[in-house]
Amino acid sequence: MKFVLAGAGLRCEHLNERVKRAILEAEEVWVDTYTSPFPGGLLNCVKGVREDALEADRSVLEGPFRFSKSVTLVVPGDPMAATAHSALLLEARRRGYSVQIISNVSALQAARSKSGLSQYRFGKVVTLMYPKEGISFTESVYNVIKDNDSMNLHTIVLLETGYGRDMTVPEAARLLCEYEELCDRRAIAMARLCWDDETIKVAKLRELAESDLGGPPHLLVFPSPKLHPIEEEFIEAVLK
Ligand SMILES: C[S@@+](CC[C@H](N)C(=O)[O-])C[C@H]1O[C@@H](n2cnc3c(N)ncnc32)[C@H](O)[C@@H]1O
């Protein structure tokens, strides 16, 4: 039996021939509608290839293993860019499945690419979560940015998504502005990368807190403290 994790990329047109074949050949097809938003909905996109595709929400992705047939699980972006999928793949392997990963473009890769920053100089990635029960998660993001800064590496900050509660850049900027030093810092705001209405804006975090970048998904890139002249020129000439 086969367990295929297939990356859908960031829009329906990214569904390549290999992914389509894996969708058509599986006994059962599941579609991850939880880990990242997709233009027009990933379920609709996959149903265009196979009508009986099933929705995999959080309970399917993170709950007890419920597959018993040859399965293709279609995931937004690249299937290994979110930890839930590696855990599923390992569990399938333990249960005797032969496993396959079909790579595709991820939001992380699109962000690295479209920032114009050197792809060799990105540090640890972090996700900003909404405060929960009065606990703020800004400190862990601040610490990752500072750690990356100390090695002169760029930082990607992903924003919490799921349950129709998708954090936007202005919301994130307001939370992170708790740190004056971050508030005065330049960041690259990226909204709906690779969608038809992709929006990229470079500004100080304080200005991004008041900006309107449209609907989610959004993320932020903090360029490292010292940029190469080509990186600086790209930001000024292309992104601004
Ligand atoms: C877990 S990550 C993405 C994982 C996905 N498997 C991938 O490879 O793209 C989800 C986060 O990425 C960001 N994101 C996803 N798609 C995006 C897009 N098209 N434009 C900007 N940010 C995006 C959002 O911050 C979202 O909360």
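**The ligand and its surroundings**

The space taken by the ligand is the largest pocket; a pocket here is an open set of points, on a 1 Å grid over the protein atoms alone, with protein on both sides within 12 Å along at least five of seven lines. The model is a predicted one, in which local features need pLDDT of at least 70, side-chain atom pairs count only at pLDDT 80 or more, and totals for chains, interfaces and linings use all residues. Residues are numbered from 1 along each chain as its sequence is written, and side-chain values use heavy atoms, with hydrogens and water left out.

A shell of 18 residues surrounds the ligand, each having a heavy atom within 4 Å of it. Pro76, Ala107, Leu159, Leu193 and His218 are the closest. By class, ten residues of the shell are nonpolar, six polar and two charged; Gly counts as polar, and the charged class holds Asp, Glu, Lys and Arg. Domain 1 (2-105) and domain 2 (108-239) each contribute at least three residues to this shell, with bounds taken from an automatic or database domain assignment. Strands S7 (155-159) and S10 (218-222) each supply at least two; strands are DSSP runs of E with at least two residues, and helices are runs of H or I with at least four.

Nitrogen atoms of the ligand are found 2.8 Å from a polar backbone atom of Pro76 and 2.8 Å from one of Leu193. On the oxygen side, a ligand atom is 2.7 Å from a polar backbone atom of His218. Taken alone, the ligand exposes 570 Å², of which the protein buries 94%, by the Shrake-Rupley method with a 1.4 Å probe.

Two backbone details complete the picture. Most residues other than glycine have a negative phi, and most peptide bonds are trans. The bond from Pro216 to Pro217, however, is cis, with omega near 5°, and Pro217 lies in the loop between helix H9 (205-208) and S10. Glu133 has a positive phi, near 45°, and is placed in the loop between strand S6 (126-128) and helix H6 (138-150).

Key
Polar contact = N/O pair within 3.5 Å; in protein donor to acceptor, adjacent residues only side chain to side chain. 1 Å grid on protein atoms, 1.4 Å probe; cavity = no way out; pocket = protein on both sides within 12 Å on 5 of 7 lines; lining within 4 Å. Sits in = over half its atoms within 2 Å of the grid points.
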